[in-house]
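Dear colleague,

Please find below the structure that I am handing over to you.

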Amino acid sequence: MSASFSPTDLATADDPYPLLAELRTVAPVAKLASGFWAVTGYDAAMEALRHPACRSGPIAMRYLDSLPPGAARDEMGHRINFLDPPDHPRVRGIVSKAFTPRRIAGLRPWIERTAERLLEGLSQREGFDLLRCYAHQLPSLVISELLGVPAEHRDRLTAWSDAVAPLLSLEISDADRNAAIAAAEEFHAYLAALLDERGGRPGDDLLSALLVAEENGERLSRPELLSLVATLYSAGHRTTRDLFTNGMSVLLEKRERFERVADGRWACAAVVEEFLRYTTPTLFVARVPVEPLTLCGIEIGAWEPLLVFLAAANRDPAVYAEPDAFRPGRSGPPPLSFAYGAHYCLGASLARSEAEVMLETLARRYPHMRLAPQTLHWHQRGPFRGLDALVVEPLGAALSGE
């Protein structure tokens, strides 16, 4: 298994978890034929994610060396998750001054009202695509509201960010690469114009706050700012959309599961946490050790890249009892779905909050919802895994939001 497995196998698998489980049985850290090291155990993943020698900067250098000058090169070369010290703490420190818990908490009532409004518009339908009509709509509206992007432009930005995402793949076709480069140019041109507008007329939004935020007298450079906003927009809707839709496909797979949410036996926060663990939307992250190190007793040479499979770590039987069972409220450590350490996801609390609101509102308004007969189709863009659609039947009149 360790010699033949390739991360690209996950892209064609309807269910990647048996492949990851089989790889983990070889060892929690195993070398692949490609030269990459696959980290699949929870403890090994934690160790890799917090080890000071495991860096992200070499990944940025790969893009700087392989992409032509332009927006795609700037975005990938300055992505916050590809920065090492001293740039990473500097950029993260500046972002944290604008991306505050107070700003996120203040969005909760707006998120709740938006969820109600979206479902109200679906109340007369016998069935609808939960992803297209709800799970995609709400996160894209939220990140647009947070950043100050006009809501009518969000579908255009979503299309650009989806087109750029394949650049994060370990392998990419020439057609996808060219499409990503072209999309990045359009995406950054739009964002540059929006930033210029906010510079002249600041508002109460994250874009305006990022323009003036500083750390020790330093502000973000123009390439850093454009890359950051593109990353925030992309991650801000995709991760939450896939987190919620992937999880709902499991929750609705067995009727009694959704009933337990609707009648309050399962707390929504616990269910969302199990969504994160059981159907991890980001399958892996990469790290490169800049010096030799040992992970779980395995010697790894300098510059031998690691693929930390978050989805595999989240189902490690050494850490979670019956890891392939969907069990909200289970014991065990937090899932690694948002990574860990210095690169822990900035938007983790926002994604959790959005998913909880979406689930609470859906279960209250449509307590008898079920899956419509269908074949589920999955996609993988870079490390991100999600459904193309999830059609549901509400079954019965929607309950009032009051």
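**Overall fold and confidence**

The protein chain holds 17 helices and 12 strands. Its radius of gyration is 21 Å, close to the 21 Å that the globule rule gives for 402 residues, so the chain is as compact as a globular protein of that length. The C-alpha trace spans about 60 × 55 × 40 Å along its principal axes. Of the 402 residues, 54% count as buried. Among the contacts with a sequence separation of 6 or more, 72% are between residues 24 or more positions apart.

Please bear in mind that this is a predicted model. The mean pLDDT of the protein chain is 90, and 97% of its residues reach 70 or more. Confidence is lowest in helix H6 (residues 101-106), with a mean of 84, and highest in helix H15 (residues 268-278), at 98.

**The five-stranded sheet**

Five strands form an open sheet in the order E1-E2-E8-E5-E3, and their pairing is mixed. Its edges are strand E1 (29-31) and strand E3 (54-55), each of which pairs on one side only. Helix H3 (residues 57-66) packs on this sheet, where it touches E3 and strand E5 (284-289). The direction of H3 makes about 95 degrees with that of E5.

In general, strands of a sheet pair through backbone hydrogen bonds, either parallel or antiparallel.

**The hairpin of E10 and E11**

Strand E10 (residues 378-381) and strand E11 (residues 384-387) also run antiparallel, and four bridges join them. Trp 378 stands opposite Leu 387 in E11. The hairpin has two residues between the strands, and Gly 382 takes a positive phi near 60 degrees there.

**Helix H10 and its surroundings**

Which residues of helix H10 (residues 154-164) are buried? They are Arg 154, Leu 157, Thr 158, Trp 160, Ser 161, Asp 162 and Val 164. These buried residues pack against helix H4 (71-77), helix H9 (137-147), helix H11 (174-200), H13 and E10.

Thr 114 lies in helix H7 (residues 108-120). Is Thr 114 buried or exposed? Its relative accessibility is 4%, and because the cut-off for a buried residue is under 20%, Thr 114 counts as buried. The side chain of Thr 114 reaches the backbone oxygen of Trp 110 at 2.8 Å. Leaving aside residues up to four places away in sequence, Thr 114 touches Leu 138 and Leu 141.

Ser 234 and Ile 94 are 140 residues apart in sequence, and their C-alpha atoms are 20 Å apart in space.

With kind regards

Technical notes
Residues are numbered from 1 along each chain as its sequence is written. This is a predicted model: local features need pLDDT of at least 70, side-chain atom pairs count only at pLDDT 80 or more; totals for chains, interfaces and linings use all residues. Side-chain values use heavy atoms; hydrogens and water are left out. Two strands pair if DSSP finds at least two bridges between them. Contact means heavy atoms within 4.5 Å. Axes are lines fitted to C-alpha atoms, for helices over the stretch in contact, and angles run from 0 to 180 degrees between N-to-C directions. Buried means under 20% relative accessible area, exposed over 50%, partly exposed in between (1.4 Å probe, protein chains only). A polar contact is a pair of N or O atoms within 3.5 Å; within protein, one must be able to donate a hydrogen and the other to accept it, and residues adjacent in sequence count only if both atoms are side-chain atoms. pLDDT is the predictor's confidence in each residue, from 0 to 100. The radius of gyration is taken over C-alpha atoms; the globule rule is 2.2 Å times the number of residues to the power 0.38.
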